[in-house]
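Keep the viewer open as you read.

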Amino acid sequence: MFKRIAHWYDEWDREILALLQQPGLAVGVRPGWRRAMADKVAELSPIERQELYRFCRDYRGWVLCRVFAKLALVFSVLGALFKLAIKPEVSLLQAVLTANALGLVTCFGLVSFWFNHTKYARSGRKALAKMVGLGALGGLYGAVLVVMFRGDAGQHWLELLPRTLIATGFGTLLLVLPGIGLAMVRNRHHELLTAQLSQEAEQARLARELSETQLRLLRAQIEPHFLFNTLGAVQQLAQQGAPQAAELTSHLIDFLRASTSDMRCEQVSLETELGLVDSYLRVMQVRLGERLRFSIDLPAALAGVQVPSMLVLTLAENAIKHGIEPSLRGGEIAVTARLEDCNVRIGVRDSGVGMSDTPGSGTGLENVRHRLRLAYGDGARLLLSEAEPGLLAEIVIPHKDTP
Amino acid sequence: MSVKLLVAEDEPLMRERLLGMLATDWPEAQVVAAPENGFDAWDAFLEYAPQVVFLDIRMPGMSGLEVAARIGRGAHIVFVTAYDQYAVDAFDAGAVDYLLKPLQPGRLDRALARLRDKLERPPGDVGDVVRQLTVLERKPEKLKWLKATVGKQIRLINVDEVLFFQADSKYTRVVLADSEALVRIPLKELTGGLDPDRFWQIHRGTLVNVTAIRAAERIDAERMQVLLRGSSEVLPVSRSFTHLFRE
């Protein structure tokens, strides 16, 4: 019998510990009160679970028994001292039992306040009223028992009742108030910790996203397809002895150098960015021949405006990939920048096949939107519109120099 | 008779390079056409019936994969592609011929040697590889509606109701059960937007809606013609497409 109980307890103990580490397991617990417990555990915040886990692990099995024994010893000594020093008229057994009962209840209470701080801190007054009420009721019950067993006359009632109620109620209050205080302090600490942790997590997430974006950029720029096709073009020009070979190579070098150095900066000047776009389009122009014409128009006043690196390039690449290359007759790409109210508006317009024919996955544009969000929050936009023929993609970002 | 080659590549320098290398490495072969987009490639295939077709994968109009799907077993196909690991893996697995851009002389020699051996046998099927790679490509949207000018009106024509399309120089004749119209798009450019399982090419200048075919009949040992539901017109089937109607 004892063995079975011990076995059952051990299994349950293990289950709770496992749940504290992996709350997802709660789904697998068979329904019933154990499931209800498991669900409660799963609802805790990670910090609470961690604390509870450490407590449960450290006070498992015999350790708990030993702690109980030590506490009982301490309370027994206190009870004995109380009898010897303060009230010799009570019996030793009574004093020791009372001291143990009060002491252990207090310990349990404190542990409960310690771990259930969220609940008690949130409904502090309600919990207080409930506990004081319960305490008083307990006292009342005790008093009734005393009267019944002692068989005292009814005259005691009137005297006993208010006194018991006040004494027990006040006593509970004395016990519970520090408990709730403790819960509140713990709760505030916990909230601060949670806020700090989530802030750290957010920062880590942003940093990770930034590096992922850069990695994606790296992959996108030095796309083997682009590189191999361009080298193929260089090869052919060189074989023909065409002077364009040297020209194309130098555009490619410009492009590679600019893209590898820009990738390391989050922001570059619009002049630098459009320089990169220019070398990219020059490379593509040699490759596509008559199928591509392009123009870049940057007002001198906007040359120094800082923009997230390689965003305009992504738009230009999209214009080539989804506008010009799929078009039978090719087309024109016009890159423009202008000041509009307090915004800088950078547009890439192509006269290619337009939006309806390019239902691509849009990862490039998604990436642009994402980087704009990272850099400006809701202050920047990416706009796409039909350009009849073709497509106009625009980035609108706030101009910092304007008041 | 020399071997007829078709080279489809959209970038001019790449096209020149491939043509130049073919001229030196395979002088006895004759390049019959060097189109720069998928529409022209398919059209040139129909016109010249080459034995070997070099197809760039990324091309305007129809992609090389779409053209290959239409050619089927009609020619030996060699894909030309810049680095794309998916494609290369698929080609290797399907034992399909391919060339990697930029073209390197040694590699081309090897590919050409293999190709010369293969020419004795009928072309293999590249269908599986093409289907596998087409899934990865973005699917061009199929045409649903056509706009045709009839007098002052612009008519909207549901593609499914079309019985057949016929090339008419720069225009295409669109024939329905109760009427017909001319659209301003050449047939070869329409082809790419139409579902190849629904509209069969039975002639270089004719695409017919499969559901409108009543019967195909033999004229003599080589020639066939198609009879339609809802129209008394009789459409000739060119020799290279008679296989569509063989049991």
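## The sheet

Chain A has an open sheet of 5 strands, in the order β2-β4-β5-β7-β6 and with mixed pairing. The edges belong to β2 (292-297) and β6 (381-386) of chain A; each has a single partner strand, so one side of each is left without a neighbour in the sheet. Going from one strand to the next, the twist averages 15 degrees. Bear in mind that this is a predicted model.

## Following the pairs

Start with β2(A), which pairs with β4 (residues 331-340) of chain A in the parallel sense, over 6 bridges. Two spots are handy for finding your way along this pair. I296(A) has V335(A) in β4(A) as its bridge partner, and R293(A) stands opposite E332(A) in β4(A).

Next comes β5(A), which runs antiparallel to β4(A), with 8 bridges joining the two. Here an arginine faces an arginine: R338(A) stands opposite R345(A) in β5(A). β4(A) and β5(A) form a hairpin with 2 residues between them. In that turn, D341(A) has a positive phi of about 55 degrees.

Which strands of chain A does helix α11 (residues 270-288) lie across? They are β2 and β4 of chain A, and α11(A) runs at about 165 degrees to β2(A). With 19 residues at 1.5 Å a residue, α11(A) should span 27 Å; its end C-alpha atoms are 26 Å apart, which agrees.

Helix α12 (residues 311-324) of chain A lies across β2, β4, β5 (343-350) and β7 (391-398) of chain A. Its direction is at about 20 degrees to β5(A).

## Where chain A meets chain B

The contact between the chains takes 20 residues from chain A and 18 residues from chain B. On the side of chain A that touches chain B, the elements giving two or more residues are α9 (224-240) and α11 of chain A. The most comes from α9(A), with 10 residues. By class, that side of chain A has 9 nonpolar, 8 polar and 3 charged residues.

Now jump to helix α1 (residues 2-21) of chain A, which packs against helix α2 (residues 33-43) of chain A at an angle of about 30 degrees, with their axes 9 Å apart. Angles under 35 degrees count as roughly parallel, and α1(A) and α2(A) are therefore roughly parallel to each other. The crossing is right-handed. I16(A), L19(A) and L20(A) of α1(A) meet A38(A), V41(A) and A42(A) of α2(A). That makes 6 nonpolar residues, with no polar and no charged ones.

What about α1(A) and helix α3 (residues 46-58) of chain A? Their axes come within 9 Å and cross at roughly 150 degrees. The two helices are therefore roughly antiparallel to each other, and α1(A) passes α3(A) in a left-handed crossing. From α1(A) the contact uses I16(A), L17(A), L20(A) and Q21(A), and from α3(A) it uses R49(A), L52(A), Y53(A), C56(A) and R57(A). These divide into 6 nonpolar, 1 polar and 2 charged residues.

Note on methods. Residues numbered from 1 in each chain as written. Chains lettered and ligands numbered in written order. Predicted model: local features only at pLDDT ≥ 70, side-chain atom pairs only at ≥ 80, totals over all residues. Pairing = 2+ DSSP bridges. Helix = DSSP H or I, 4+ residues; strand = E, 2+ residues; numbered from the N terminus. Axes fitted to C-alpha atoms, helices over the stretch in contact; angles between N-to-C directions. Contact = placed C-beta atoms within 7 Å. Nonpolar A, V, L, I, M, F, W, Y, C, P; charged D, E, K, R; others polar. Parallel < 35°, antiparallel > 145°, perpendicular 65-115°, else oblique. Left-handed = near helix turned anticlockwise from the far one by under 90°. Expected span 1.5 Å × (residues − 1).
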